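These entries record what I looked up about charged side-chain pairs. The structure comes first, then my notes.

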Amino acid sequence: YGAPGVEFMGLHEENNTVMQIHFIPDQCQLVTLLDDNSLHLWSLKQHSGASELWEEHRFTLKGPPGSPPSATQITAVLPHSSREVLYLGTESGNIFVVELPSFRVLEDRTITSEAVLQRVPEDYCNRRSCELVEALQEHPKNPDQILIGYGRGLIFLWDLQNSNVTHRFLGSQQLENLYWQRDGSKFFSCHYDGSYTQWPVSSDNRQPEPLENLVPYGQLASSPSSIPGFSPLLSYHLLTPRLQHPTQTVGEDYQCWEQAEHSLLKYGMAACHGFKWMWVPMYMLKFEFQVLVMELNDEDAEHVVDHAEADLLQDQEGYRWKGHEKLRTRDGPVRFEAGFQPFVLVQCQPPAVVTSLALHSEWKLVAFGTSHGFGLFDHQQKRLVFVKCTLHPSDQLALEGPLSRVKSLKKSLRQSFRRIRRSRVSSRKRRGECLSSLKVQEANAKFDQDTLQEMELAPVQRKIEARSAEDSFTGFVRTLYFADTFLRDSSRHCPSLWAGTNGGTVYAFCLRVPPAERRMDEPVRAEQAKEIQLMHRAPVVGILVLDGRSTPLPEPLEVAHDLSKSPDMQGSHQLLVVSEEQFKVFTLPKVSSKLKLKLTALEGCRVRKVTVANFSSCKTDDYSENDLAVLTNLGDIQIISLPFLKLQIRYPCIRKEDVSGIASCVFTKYGQGFYLISPSEFERFSLSTKWLVEPRCIVD
């Protein structure tokens with residue numbers, strides 16, 4: 001399970017929401033819980049040459065006659081490692097035990113809230129009840145013990161053999177979930193306010209105290225929802241139930257939960273705008289105003305996270321940042337568990353949103369961009385190579401920061417409403433004067449409307465209008481791209497960094513990366529070589545270099561691992577610049593225009609996402625081609641040929657009204673894609689006849 005292309009699908013007969021999914025250990029079975037409180041047991045069965053999920057049994061937990069629905073409303077599910085029973089926590093605080101695969105209730109093994117409360121101090125018990133069962137977790141080293149977590153924060157370690165409590169943990173915050181450390185020496189409770197607590201489990205029966213309680217932005221005195229960019233840290237599950245545990249934090253604005261086997265990172269902060277990842281021993285994260293570089297380590301380690309600052313304004317006069325201050329960093333060494341471990345933190349000044357990232361793992365370089373400019377960081381020598389300010393002198397909005405822009409918006413709205421009120425008062429005074437000219441105005445308006453209708457373009461066409469250099473956020477860096485290509489002359493190729501902005505500007509820098517034997521002794525050097533300004537000044541959303549075979553340059557790691565062919569460095573290279581409104585091919589190194597496709601002028605749409613996709617023949621393995629997969633603001637997906645920029649085919653994919661679906665869409669390199677159809681569901685599609693979305697997998 002987990003290999004590329006391995007997937008299975010099952011469909012409930014009921015049209016109900018799936019609330020929870022849990023694997024039965026080592027059984028090729030899983031249990032689902034629906035919002036109608038029904039449990040369903042699924043097994044992998046072979047059918048028509050493929051393995052499919054088949055529903056074996058369904059079950060609804062029933063209480064004694066006359067009992068309220070909350071008595072048996074399931075809130076937590078724990079498949080025991082014995083593979084013989086399920087533990088079902090309920091709203092009433094009771095835990096029922098059902099046998100697998102029959103779903104027969106074992107009434108004599110029910111764990112009642114009354115039995116648990118016998119071990120709670122009287123004063124504590126009077127203050128709060130157990131409430132619902134929020135979490136159940138089996139001890140990783142002792143299957144005869146389970147953790148029981150109740151909504152109000154009470155946590156107990158329950159002995160299944162002796163039916164009693166061995167340890168109690170008196171929490172005070174509303175509980176969300178529990179996670180064991182792998183050796184069973186301690187566990188972690190995560191809470192509604194975004195905090196988590198470490199609890200040691202001692203060998204004796206004494207009452208433990210919390211080791212650490214970390215809360216983003218310090219201790220919260222008010223509701224978490226009142227803090228900008230804050231959301232509760234909820235529980236996450238992987239389909240493999242493996243245990244999860246938190247790492248130490250580098251900054252105080254986020255908390256990372258690292259899964260032991262897969263080293264995936266989860267966030268509890270809505271302020272995290274996104275991240276890019278590669279399955280290599282290097283990892284980048286972009287938070288609201290910082291870049292974190294991580295490396296893969298199979299062992300625990302304790303080290304200092306180096307810190308660097310990138311001043312994108314370069315102390316230029318006339319600029320004053322009105323947003324929030326930068327985050328404070330932690331001093332001294334920090335201990336990290338095995339997995340992805342941070343080793344350097346780059347903080348952008350001003351602390352604005354990180355809008356773009358690029359990583360070249362072979363050159364050990366990271367490029368980052370914000371609304372003020374972009375920079376290059378050498379993460380091997382841990383030094384800043386250069387920064388480039390792209391901010392236009394008139395763009396004051398980019399200096400206000402997100403919170404200041406909200407205040408400015410409120411202020412402008414208030415002013416607008418005042419103007420409306422004033423205009424209403426004055427209009428009453430003028431109403432008598434205007435009645436005589438009303439008919440003349442209506443006639444003029446009708447004439448103007450008729451004239452405009454005659455002058456309109458065809459429905460699918462739209463003029464490309466050049467934007468002003470003084471528009472807001474023209475310096476916003478939309479894309480960054482590394483390429484080994486011919487930038488100075490046609491005889492020598494060199495490493496380069498390309499950046500595209502919201503104002504239609506493309507910057508190209510020549511890089512000098514020392515050879516491996518002198519990599520730590522000599523600095524990486526950069527020099528600006530080209531600057532291209534698109535006439536229509538539309539935002540640049542993609543940059544791509546084509547080699548001598550008109551093939552996009554492959555990822556360097558793929559070439560190193562024989563996953564891609566080496567690029568052709570003999571023939572001339574070409575540069576493809578994709579803006580929101582058109583595609584344009586330039587020759588290199590002269591950067592002269594070769595051909596273009598005006599998408600907006602012809603189709604009346606704008607580019608939202610673009611990527612290179614490899615399309616293989618479904619009939620022969622000897623043929624494949626690289627094309628551009630383009631998603632527009634109308635929700636259409638267009639396939640455009642390379643390098644001739646010919647429209648191959650158009651698919652309607654996402655409704656144009658579904659703005660969040662269009663914004664969330666991502667493409668794979670083989671012509672498939674995903675987009676959100678709700679905050680918790682995604683749709684998958686394929687543009688390739690070779691790679692279908694129908695799962696066809698077999699499990700012995």
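I began with Asp 621, which is exposed at a relative accessible area of 68%; exposed means over 50%, buried under 20% and partly exposed in between, with a 1.4 Å probe and protein chains only. I note that this is a predicted model, in which local features need pLDDT of at least 70, side-chain atom pairs count only at pLDDT 80 or more, and totals for chains, interfaces and linings use all residues. Residues are numbered from 1 along each chain as its sequence is written, and side-chain values use heavy atoms, with hydrogens and water left out.

I then looked up the partner of Asp 621. Asp 621 forms a salt bridge with Lys 690, with 3.3 Å between the closest N and O atoms; the term requires a side-chain nitrogen of Lys or Arg within 4 Å of a carboxyl oxygen of Asp or Glu. Asp 621 lies in the loop between strands S38 (607-616) and S39 (624-632) and Lys 690 in the segment after strand S44 (681-686), so the pair ties together parts 69 residues apart in sequence. Strands are DSSP runs (E, at least two residues), numbered from the N terminus. Lys 690 is partly exposed, at 31% relative accessibility.

Next I examined Glu 14 and Arg 58, whose side chains meet in a salt bridge of 2.6 Å, N to O. Glu 14 is in the segment before strand S1 (18-24) and Arg 58 in strand S4 (residues 50-60), 44 residues apart. Arg 58 counts as partly exposed, at 41% relative accessibility.

Finally, I recorded a network of salt bridges linking Arg 478, Glu 580, Glu 581, Arg 606 and Arg 608. The structure holds 23 salt bridges.

Notes:
Helix = DSSP H or I, 4+ residues; strand = E, 2+ residues; numbered from the N terminus.
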